[in-house]
Amino acid sequence: MSRRKQCYIAYNQADEVLALGTVDEVASALGTTVNAVKSKMSHWKRGDIKNPRIKIYKVEEDESC
């Protein structure tokens, strides 16, 4: 049984979807690295960033990612 990949979604300040997919796909669509995506998501969730330009969420596991 293979492990399912986690899906992520990125929104801008106007709540428009910028990217949807695995962390690798989101990073590629945003023109950044995987570590930068995870770091931005973590800092925003902790409250270090109050009004982010890009919001990244982890979404439910799905076979489509």
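**Getting to know this fold**

Me: What share of the 65 residues counts as buried?
Reply: Of the chain's 65 residues, 25% count as buried. Keep in mind that this is a predicted model. The accessible surface of the chain comes to about 4,900 Å², and 45% of that belongs to carbon and sulfur atoms.

Me: What makes up the secondary structure of the chain?
Reply: There are two helices and three strands.

Me: Why is Asn12 called buried?
Reply: The cut-off for that word is under 20% relative accessible area. Asn12 has a relative accessibility of 16%, so Asn12 counts as buried. You'll find Asn12 in strand S1, and S1 is mostly covered, with five of its six residues buried.

Me: What makes the link between the side chains of Asn12 and Glu16 a polar contact?
Reply: A polar contact needs a pair of N or O atoms within 3.5 Å, with one able to donate a hydrogen and the other to accept it. Asn12 and Glu16 come in at 2.9 Å, side chain to side chain, so the pair is inside that limit and counts as a polar contact. The Asn12 side chain also reaches the backbone nitrogen of Ala14, at 3.0 Å. Leaving out residues up to four places away in sequence, Asn12 touches Leu18, Arg53 and Lys55.

Me: How do you know that S1 and S2 pair?
Reply: Pairing takes at least two bridges between the strands. S1 and S2 are joined by four, so they pair, and they run antiparallel. They form a hairpin with four residues between them, and Asp15 in the turn has a positive phi of about 60°.

Me: And what about S1 and S3, how many bridges join them?
Reply: Six bridges join S1 to S3, again running antiparallel. At least two are needed, so this is a pair as well. Along it, Ala10 stands opposite Ile56 in S3.

Me: In what order do the three strands form the sheet?
Reply: The order is S2-S1-S3, in an open sheet with antiparallel pairing.

Me: Why do S2 and S3 have one side left without a neighbour in the sheet?
Reply: Strand S2 (17-21) and strand S3 (54-59) each have a single partner strand, so they stand at the edges and one side of each has no neighbour in the sheet. On average, neighbouring strands of this sheet are turned by 15° against each other, direction ignored.

Me: How does H1 sit on the sheet, and which strands does H1 touch?
Reply: H1 packs on the sheet and touches S1, S2 and S3, and its direction makes about 150° with that of S2. H2 packs on the sheet too, touching S1 and S3, with its direction at about 95° to that of S3.

Me: Which residues make up the largest nonpolar core?
Reply: Nine residues do: Tyr8, Ala10, Ala19, Val23, Val26, Ala27, Val37, Met41 and Ile56. H1 gives the largest share, three residues.

Me: What does Ala19 contact, leaving aside its neighbours within four places in sequence?
Reply: Ala19 is in contact with Tyr8, Ile9, Ala10, Val26 and Ala29. Contact here takes heavy atoms within 4.5 Å.

Me: What part of the contacts joins residues 24 or more positions apart?
Reply: Among contacts with a separation of 6 or more, such residues account for 47%.

Note on methods
Residues numbered from 1 in each chain as written. Predicted model: local features only at pLDDT ≥ 70, side-chain atom pairs only at ≥ 80, totals over all residues. Heavy atoms only, no water. Core = buried A, V, L, I, M, F, W, Y, C linked by side-chain atoms within 4.5 Å. Buried < 20%, exposed > 50% of the residue type's maximum accessible area, 1.4 Å probe, protein only. Axes fitted to C-alpha atoms, helices over the stretch in contact; angles between N-to-C directions. Areas by Shrake-Rupley, 256 points an atom, 1.4 Å probe, with all protein chains shown as cover.
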